[in-house]
Amino acid sequence: MLINALNGLVYGSLLFVLSAGLVLVYGLRRVVNFAHGALYMLGAYIGWSVATLYGFAAGVVAAGVALAAVGVVLDLVLFRRLAGRQPLITVIVTFGVLLILEDVVRSVWGTGNRALDPPAALDGVVEIFGAPFPVYRLFIVAASAAMAGGLAAWLRWGRTGLFVRAASHDASVAAMCGVRTAAIGPMVVGLGAAFAGLSGIVAAPFLSIHPSMGSEILVLSFVVSVIGGLGSFAGAFVAAMLLGQVQSFGTVLLPELAALLPFLLMAGVLIFRPQGIAGTKG
Amino acid sequence: MTALLELERVEARYGAARILNGVDLAIAPGERVALLGRNGVGKTTVVNTLLATAVKCGGEIRVRGERIDRLAGHTAATLGIAVVPQGRKILPNLSIQENLKLAAALRRKGPWTLDAVYGLFPILRERRHTPGTALSGGQQQMLAIGRALMLNPELLILDEPSEGLAPVIVDELGVILRDLAATGVAILLIEQHLRLVRDIAERYAVLSKGAVSAAGRMAEVDQEQLQSSIMH
Ligand SMILES: Nc1ncnc2c1ncn2[C@@H]1O[C@H](COP(=O)(O)OP(=O)(O)OP(=O)(O)O)[C@@H](O)[C@H]1O
Ligand SMILES: [Mg+2]
């Protein structure tokens, strides 16, 4: 029981950090980024390559930095132009980016699975109420909490975080107040992509690395965003935790339905709250 | 003397819709100018051109004699031009204090700090942690003015500040604006409320068909002449 709940927490934490990047970008650009899962996957592969040579910590740093750079380029080249376009156009374009990145990964790293061992310091198990539990999974929860907490504190209390919130609501008002809104876009999309990349490398020793890992988790990340209410961090948090538990208990209790459960949950929430848990109407 | 802000034959459009066809307007340091005109004539578009939300497609804008070629959204703020926009544009997802701090983004030096703004509008201090949109219309206008002051501007542009306010609040607004003018900040006042205009402005310009059709000193025109040049 407890172990199931813990596993749900681990998965939920990962989902939340990944979804936070999605929410951040949507908040500013109103672009639903289908490439977000591919960024997660790219983070896992880049992190894996660097980690096998220079160690896990270097892999994490590399995934974060490389994906931040990818995000900045994505915003300057694409997202800036997509802001305010019809949703269908943004979906098609970002889906195209997803396909391109998946192909890039296939041609650079091949189609096979890769495995990454947790770093020695985090390898092993601890006993939790008598049951063994991998230390690395606890690390996932801690790392996710640190990232999510850092992001929340920055948005809430940071000077630049204030600018981001203002620009997300009305960029022209923020600019009128002296905020360089042209710089906010690349920064936010870079940060969102870095979150995707970091969750990719952090997930790598827990899940496995393969070219469709991005699309797989992207679907769940969307379910989180929709259940949470598009653009809401608090909603995404609740939804990610909920979905983590549903996944974890679902695979044990209702294995034949497990793959469907997230969508049933989404349908259930949407029937009662079409705008999502924390969303506002419209 | 060099004008603080000078528009010369400025043309501007939204998409394909051309709104301004050559606007000439100059404001000297510390001067108080009213920009008048009928509904929908393009007064706000003049402001939007400075804020780069309308596209300038001709003419010249100079600030302290220097030509501004590339206008971005934050350019006006960096040049010391603060706007109290029509409809106030208080950000509902920020607290009152955060709305004010936002405009301290550039850290321009000057007398206006958070404390100074709270000194001028004590109600904002009292309610500083509530969302800006929880305020009444008049209080929101104070917040919008406070936010503009946080930029420590040399020119304060107010776009229909009396819109939607009760008459007693408009009187209060007049007092506040006169006190502000006395501090030496130049004011460009866009207003339909002619009594308020008369209280504040030394000069006026009337916008019509995308250009300035009449202009002069406030003291040299009576209310009826002013009305008819607006309606013209
Ligand atoms: N964002 C926009 N896109 C397209 N057209 C616009 C936009 N904003 C205003 N317009 C049009 O430009 C013209 C001038 O509008 P503007 O807001 O500058 O007038 P105004 O003089 O400020 O009017 P009011 O007294 O009602 O505030 C109007 O015909 C208006 O419909
Ligand atoms: Mg207007």
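Begin by selecting helix H10 (233–253) and helix H11 (261–272) of chain A, each of which supplies at least two residues of a nonpolar patch; bear in mind throughout that this is a predicted model.

Next, bring up both chains and select the contact between them, to which chain A contributes 17 residues and chain B contributes 22 residues. Between them the two chains bury about 1700 Å², and 68% of that area falls on carbon and sulfur atoms. Across this contact there are 2 salt bridges, one of which can be shown by selecting Arg165(A) and Glu98(B), whose side chains meet at 2.9 Å, N to O. Counting residue pairs in polar contact, with both residues at pLDDT 80 or more, gives 3 between chain A and chain B.

Staying on the side of chain A that touches chain B, colour helix H6 (159–169) and helix H7 (171–176), each of which supplies at least two residues there. H6(A) gives the most to this side, with 6 residues. If you then colour by class, the side of chain A that touches chain B divides into 9 nonpolar, 3 polar and 5 charged residues.

For the last stop, turn to the salt bridges over all chains, of which there are 17. Select Arg29(A) and Asp75(A), whose side chains form one such pair, with an N to O distance of 2.9 Å. Because Arg29(A) lies in helix H1 (residues 2–29) of chain A and Asp75(A) in helix H3 (residues 56–82) of chain A, this pair ties together parts that are 46 residues apart in sequence.

Key: Residues are numbered from 1 along each chain as its sequence is written. Chains are lettered from A and ligands numbered from 1 in the order in which they are written. This is a predicted model: local features need pLDDT of at least 70, side-chain atom pairs count only at pLDDT 80 or more; totals for chains, interfaces and linings use all residues. Side-chain values use heavy atoms; hydrogens and water are left out. Contact means heavy atoms within 4.5 Å. Buried area is the accessible area (1.4 Å probe) that two parts lose on being put together, summed over both. A salt bridge is a side-chain nitrogen of Lys or Arg within 4 Å of a carboxyl oxygen of Asp or Glu. A polar contact is a pair of N or O atoms within 3.5 Å; within protein, one must be able to donate a hydrogen and the other to accept it, and residues adjacent in sequence count only if both atoms are side-chain atoms. Helices (H or I, at least four residues) and strands (E, at least two) are DSSP runs, numbered from the N terminus. Ala, Val, Leu, Ile, Met, Phe, Trp, Tyr, Cys and Pro count as nonpolar, Asp, Glu, Lys and Arg as charged, and the others, Gly among them, as polar.
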